[in-house]
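Please look over the chain shown below before reading the points that follow.

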Amino acid sequence: MQSVAFLPFTTAIALNIDFQRGVVDRFRSLPIARSAVIGGRILADGVRIVWSILIITGFSIALGFRFQGGTAGALGALALVLAFGLTMCWPMAYLGIKARTVESVNTIGFMVILPLTFASSAFAPVESMPGWLQAFAKANPVTSVIDATRGLMLGGPVAEPLLDAILWMLAIQAVFVPLAIARYRRRV
């Protein structure tokens, strides 16, 4: 989950570089929808996310990990991680379009992704965290995705964290898909 949370940086960096190098200016001369540039970038990064998930899953199985939630749970967990990775591409696309330099993309992106991944249930149970951090970790979309993924893979509680994860992903997309497309239109 953590590696998938960081992979959308490629969306932000690639879009930012495309603007700096004039690639987007070349796309403007083509008869394509303006959203196709962002959508194509996210689709390409989606392929990268799938490969990452397959490689990590393959190595984990080779090292002894076994899915306790059955085939449906394993496929559901992998699909959820993929969906979250694709969802996170949209805020990163917005960042890549809005930021003026790659350095800005890196700085802002890490300021967002690091707290989301490390202040979640990824490495420690939320109950073991200090009270102020528990509140953040419980409301963190990464915690919802991780808890749902663990439930699907290992056979634990799934319904509530899965619903929370889906609602978070829908909310993130509802905010950042229009923002990224609108910002792209203004910048082009």
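What follows is a short account of this structure, grouped by topic.

The model is a predicted one, and the protein in it holds nine helices and zero strands. Read along the sequence, the pattern is therefore α-α-α-α-α-α-α-α-α, and the radius of gyration of 18 Å lies close to the 16 Å that the globule rule gives for 188 residues, so the protein is as compact as a globular protein of that length.

**Overall dimensions and contacts**

- Taken along the principal axes, the C-alpha atoms of the protein fill a box of roughly 50 × 35 × 25 Å.
- Of the 188 residues in the protein, 42% are buried.
- When contacts between residues at least 6 apart in sequence are considered, 79% of them join residues that are at least 24 apart.

**Helix H5 against helix H9**

- Helix H5, which spans residues 70-98, packs on H9 at an angle of about 30 degrees, and the axes of the two helices are 8 Å apart.
- Because angles under 35 degrees count as roughly parallel, H5 is described as roughly parallel to H9.
- H5 passes H9 in a left-handed crossing, and the residues of this contact divide into 19 nonpolar, three polar and three charged.

**Helix H8 against helix H9**

- Helix H8 (residues 141-154) and helix H9 (residues 159-187) pack with their axes 8 Å apart and at an angle of about 140 degrees, which makes H8 oblique to H9.
- The crossing in which H8 passes H9 is left-handed.
- On the H8 side the contact is made by Pro-141, Ser-144, Val-145, Asp-147 and Ala-148, while H9 contributes Pro-161, Leu-162, Asp-164, Ala-165, Trp-168 and Ile-172.

**Helix H4 against helix H9**

- H4 and H9 pack at an angle of about 125 degrees, with 9 Å between their axes, and the two helices are therefore oblique to each other.
- The crossing of H4 and H9 is right-handed.
- In this contact Arg-34, Ser-35, Val-37 and Ile-38 of H4 meet Ala-180, Ile-181, Tyr-184 and Arg-185 of H9, and these residues divide into five nonpolar, one polar and two charged.

**Phe-9, in helix H2**

- Phe-9 has its place in helix H2, which covers residues 9-21.
- With a relative accessible area of 7%, Phe-9 is buried, because a residue under 20% counts as such.
- Leaving aside its neighbours within four places in sequence, Phe-9 is in contact with Met-92, Val-105, Asn-106, Gly-109, Phe-110 and Ile-113.
- Phe-9 and Gly-39 are 30 residues apart along the chain, and their C-alpha atoms are separated by 15 Å.

**Ala-33, in a loop**

- Ala-33 is found in the loop between helix H3 (23-28) and helix H4 (34-62).
- The relative accessibility of Ala-33 is 45%, so this residue counts as partly exposed, a class that lies between the cut-offs of 20% and 50%.
- The C-alpha atoms of Ala-33 and Glu-127 are separated by 47 Å, and the two residues are 94 apart along the chain.

Key
Residues are numbered from 1 along each chain as its sequence is written. This is a predicted model: local features need pLDDT of at least 70, side-chain atom pairs count only at pLDDT 80 or more; totals for chains, interfaces and linings use all residues. Side-chain values use heavy atoms; hydrogens and water are left out. Axes are lines fitted to C-alpha atoms, for helices over the stretch in contact, and angles run from 0 to 180 degrees between N-to-C directions. Helices (H or I, at least four residues) and strands (E, at least two) are DSSP runs, numbered from the N terminus. Angles under 35 degrees count as roughly parallel, over 145 as roughly antiparallel, 65 to 115 as roughly perpendicular and the rest as oblique. A crossing is left-handed if the near helix is turned anticlockwise from the far one by less than a right angle, and right-handed if clockwise. Contact means heavy atoms within 4.5 Å. The radius of gyration is taken over C-alpha atoms; the globule rule is 2.2 Å times the number of residues to the power 0.38. Buried means under 20% relative accessible area, exposed over 50%, partly exposed in between (1.4 Å probe, protein chains only). Ala, Val, Leu, Ile, Met, Phe, Trp, Tyr, Cys and Pro count as nonpolar, Asp, Glu, Lys and Arg as charged, and the others, Gly among them, as polar.
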